[in-house]
Amino acid sequence: MNPPLALIVEDQALVAIDIEDEVSQVGFSVFIASTGQEAARWLESHEPDVAIVDIILPDGDCVILARELVRRGAPFAIHSVRTEDEDVDEAFRAARAWIAKPSDIGDVVTAARKVLPGRFPAAA
């Protein structure tokens, strides 16, 4: 059985690597995209089990990506300096968890567990 697949969309390399380390330690395969376009290209041939998405990326906000995740029914969490109380596109409101930056990386893993209950591998 293949491990579950996490898509991490984050333009800050150190943050992305920290999230990758934590999520891979609990059994996920990980793909990191630093732009919305890169994530969209990856989605053309992959289906993530969960996505952790920063809203603000170098190529703009990732509304199109969020809408595609919603269209596919792919569970996702937002990890952003933007808050869920702000005026954001409706697609972002479909996020199953919202983690405000800066955050502890453990909070991101906890949110991923909430996003994907029953499918998230047990911690070692």
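Modeller: Let us begin with one atom pair: a polar atom of the Asp49 side chain lies 2.7 Å from the backbone nitrogen of Leu5. A polar contact is a pair of N or O atoms within 3.5 Å; within protein, one must be able to donate a hydrogen and the other to accept it, and residues adjacent in sequence count only if both atoms are side-chain atoms. The model is predicted, so local features need pLDDT of at least 70 and side-chain atom pairs pLDDT 80 or more, while totals for chains, interfaces and linings use all residues. Residues are numbered from 1 along each chain as its sequence is written, and side-chain values use heavy atoms, without hydrogens and water.

Biologist: Where is Asp49 placed, and is Asp49 buried or exposed?

Modeller: Asp49 sits in the loop between α2 (36–43) and β3 (50–53); helices (H or I, at least four residues) and strands (E, at least two) are DSSP runs, numbered from the N terminus. Asp49 counts as buried because its relative accessibility is 19% (buried is under 20% relative accessible area, exposed over 50%, partly exposed in between, with a 1.4 Å probe and protein chains only).

Biologist: Which residues are buried in helix α3?

Modeller: An α-helix has 3.6 residues a turn, so residues three or four places apart point the same way. In α3 (residues 63–72), the buried residues are Val63, Leu65, Ala66 and Leu69. Seen down the axis of α3, they fall within an arc of 165°, so they line one face of the helix (the arc is that of the directions from the helix axis to the C-beta atoms). These buried residues pack against β1 (5–9), α2, β3, β5 (60–61) and β6 (76–80), contact meaning heavy atoms within 4.5 Å. Ile64 and Arg71 are exposed on the face turned away from the buried side.

Biologist: Which backbone geometries deserve a check?

Modeller: Most residues other than glycine have a negative phi, and most peptide bonds are trans. Gly73, following α3, has a positive phi near 75°. Lys101 and Pro102 are joined by a cis peptide bond, with omega about -5°; Pro102 is in the loop between β7 (97–100) and α4.

Biologist: Where is confidence lowest, and where is it highest?

Modeller: On pLDDT, the predictor's confidence in each residue from 0 to 100, the protein averages 85, and 90% of the residues score at least 70. The lowest mean, 76, belongs to helix α4 (residues 105–115), and the highest, 95, to strand β2 (residues 29–33).
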